[in-house]
Amino acid sequence: MKNWRLIPMLMLLPFAVEAHVGSPNVFFEGRAGDYPVYAVVRPPAALPGAAQVSVRVDSAEARAVSLQPVEWRSGQQGSPQSIAAQRVMGETNLWSAEVWFLYPGSYSLQLQITGEKGDGHTTIPVNALAQQGQPLKPRLRVALILFAVLLAAGAILIVGAVANNGALGNASHRAMAIAALCLVMGAVAIAIRWRNMDAAYRDQWVQKPEPVNASVRVEAERAVLELQPAVQSATAASWAALVPEHGKLMHLFLVREPELNVFAHVHPFRTGAQRFTQELPALPAGDYQLYGDITFENGLGQTLVTRVRLPEPIGGALTPPPLVTNVSGEVICGVPSTAMTNRSEAGRDLEDSWHLDSGLKEVSTGRGRVTRLMGGYTLLFENAGAVIAGRETSLRFAVFGSDGREAPLQPYMGMPGHAAVRRADGSVFAHLHPAGSFSMAAQAAFLQKSDVATPTVAAAATPASNRVSFPYQFPKAGAYRIWVQVRVAGRVLTGAFDLEI
Amino acid sequence: MSSVSGILPRAEGRWDRQWAIVGSGLASTIIPVSLIWDYSWESSIGVDRVWSPPHLATHLAVWLAAAVGLQCLLAGTLAQRRGEAVAGVSIGPFCAPAGAWVLLWAAALFEVVFPLDVWWQQAYGLGAGLWPPPQILKATSFLALQFGSLMLAACLPNPPGARGRWLNWNGGMVLALTAIMLGTATLPNSQHSAPFYKLCAAVFPLTLLMASAVGPGRWNATLAALAYLGMSAVMVWLLPLFPARPLTLPIHNPMDHLMPPQFPILLVAPAVAIDLVRRGAGRWAGIWKNEIGLALAAGLVFVAAFLPTQWRFAGFLLSPPADNWFFAGGGRHWPFFLKIDEARVMFWRGGDDALTWPALAVVFLLAAGSAFVGQQVGKFLRAWRR
């Protein structure tokens, strides 16, 4: 009787896109009114399904937490009543709730906290998209096969007994043979159906990056990267309806493989309804993995994934102007000396940044792990040793000057820092902010549609501090590299750490 | 496997036959009732947990069937060990009526499929489409359970009147389960299309002929159709009395009570026609003395009686006069998550799915084939005494 539910699902099929790569959980760190909030949303792997939400309120005055899910198209009019979160047993400031989503799509959770400080509201955008589910556990698989054999034997014996004793006359063996044949045919038919349904599900529903073509051309002594959809699809057509994520339509990350020694965070310009272009800095030649984060106006996020081979750089690899000269010569952090945003075909954003190192220069100290930044600065990863897979944590960093004194951070695209996490095999990639892993553009879009919630202010760090943190949960064990970007003394600096989770 | 220990007049068996018939009949009833409830629950509340009340009811039906099967198995086996002749079939050292074996097998199949179904929902949701393997296997277990219940009622002795009523009732519950399995294809909005009549012709004559053949009276198919109509109509009237509201989204049709299912299909008219044909089979033996002739006649009268009745009734169900608690029609009752506007009172599936003369011929052939199979199953059940 689930026929009905499938009808709207089929209408949503073209929007099975992927935000981040292999990292579906949403982390939120901010405020709801006067209450500091840290929330984690674990969307269901399949739909319909339940998202598990946990909300930690760092305030003794909070009394109750409730959530109201809102779907993009139907808005608050199409939302159920708020769901009261339950306080987790043994905890004083942690609540949990289960929120059901019927269909894939763009949702938000309207979080309300009530307490002695009054009511506080905030909005957490969530993309509910189908993921590749967990395979059958081996024990269950074996048990099912065993029971299937027993059931088949039982069916044959029953048919044989009936045929031997009843109205069919004494035709036991023939009836058993026919029953066995029917069972085998049935099993084959079911196996084929299973295989076909699984293939169709993987092909049509499981979130995966939209195929995108990346090419590099030389134009007026500039290397220009161009990104276009590889196939025409509903998602590709929606490129015309993007909204800026902290001021940029696309955040593009380039990672040089296999060394991972070059990292760039640039912001291509849209030069056509379905085309983005970017004047590349003089990055070293080689193979690069590209991750491009975009957000559609309905709040759905997508990470474009592709590869490109960069030619020998025009003008020499990373021969930077004095502004970005590294005193040690080991780490180079580049930023454009001049913006070229007024060019029609290609350009470079003022907040583009790139990073080259000749190998990680990490050292472990009593306070944590330290990596060297350009200009003699150092980046401390305070809790690198406490990070484990499957548990959310706040990745905490601090920046120090060459003299060991705290180096105050300046806003970089409106926040104290940015981070990118990538698993060695490329199966995980996430773009993190101090406020979490959610899309701020999606949050703004939902806020625009609703007059209930108020905007969130990132609370993980203040610009005056030398510290920045990123809430995140490594989805699975493995080798990861994390790049952390901060702005110090007007310069964007990037530090990298390798982690074995 | 050993041979049967003997055949005695059925009244001399030892196990509690009344309990077996009532218990299995109840299980056979709870299955479609719980499925209709589940449909209403999903359409009104939306949150579909593993142990939601309708799902629990389905499990209870299966456990009840298993309890009946085990009780029959225990009683039969003990009686056989005491050296008494038992009207059952033996598998190894165990002896029970064949219906009890089928009930046990159906219950085992359902419970084995259950963890697979839970895993499937978590791994695929509805993304993989309808009728995935676990759903097919669950439907198989439901049908087997109802067939086992019919076998028990057909072979076990009982006061003839009561046994006949249970046979008719069980036939009605098979009709109800079949109608549920056809799903949204049987909505009133689809009832002017060829696919609807093809589906109905493929499945309902089978059950009606089976019910007609297996029952003790002259109006077995009619009584089975009335049982289906009665049970389904009670669900239409009863469910909206319970408060409910959607707990998930999107909500396009707000509601504050459980959504009534669609009014049942009018199978009484073709059932009466089929009963009349079967009664006439003896009188006009020259015309349809063989089974194929009877199946063709049953198929013909099914189409002749069903099509005009349901065609007009569908028009009524979509009209304003049907917008009341009795018929739950008028195109008003839709799942909360379905965005539907003027299509709610329209007939769907025209064009290639229109009911043309060639399509009508296919409907007739399907009905005749279905009737033939139902007749054979009914004959088997009528003759079965173990």
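Which residue stands opposite A:Ser66 in E5(A)? The residue is A:Ala84. This is a predicted model, in which local features need pLDDT of at least 70, side-chain atom pairs count only at pLDDT 80 or more, and totals for chains, interfaces and linings use all residues. Residues are numbered from 1 along each chain as its sequence is written, chains are lettered from A and ligands numbered from 1 in the order in which they are written, and side-chain values use heavy atoms, with hydrogens and water left out.

In chain A, strand E4 (residues 62-71) is joined to E5(A) by two bridges, and they run antiparallel. Strands here are DSSP runs (E, at least two residues), as are helices (H or I, at least four residues), numbered from the N terminus; two strands pair if DSSP finds at least two bridges between them. The open sheet of chain A has four strands in the order E5-E4-E8-E9, with antiparallel pairing. Its edge strands, E5 (83-84) and E9 (118-128) of chain A, each pair on one side only.

Turning to the interface, 62 residues of chain B are in contact (heavy atoms within 4.5 Å) with 57 residues of chain A. The area buried between chain B and chain A is about 5,300 Å², and carbon and sulfur atoms give 72% of that area; buried area is the accessible area (1.4 Å probe) that two parts lose on being put together, summed over both. Across this interface the rule finds one salt bridge, defined as a side-chain nitrogen of Lys or Arg within 4 Å of a carboxyl oxygen of Asp or Glu. The side chains of A:Glu98 and B:Arg49 meet in a salt bridge at 2.7 Å, N to O.
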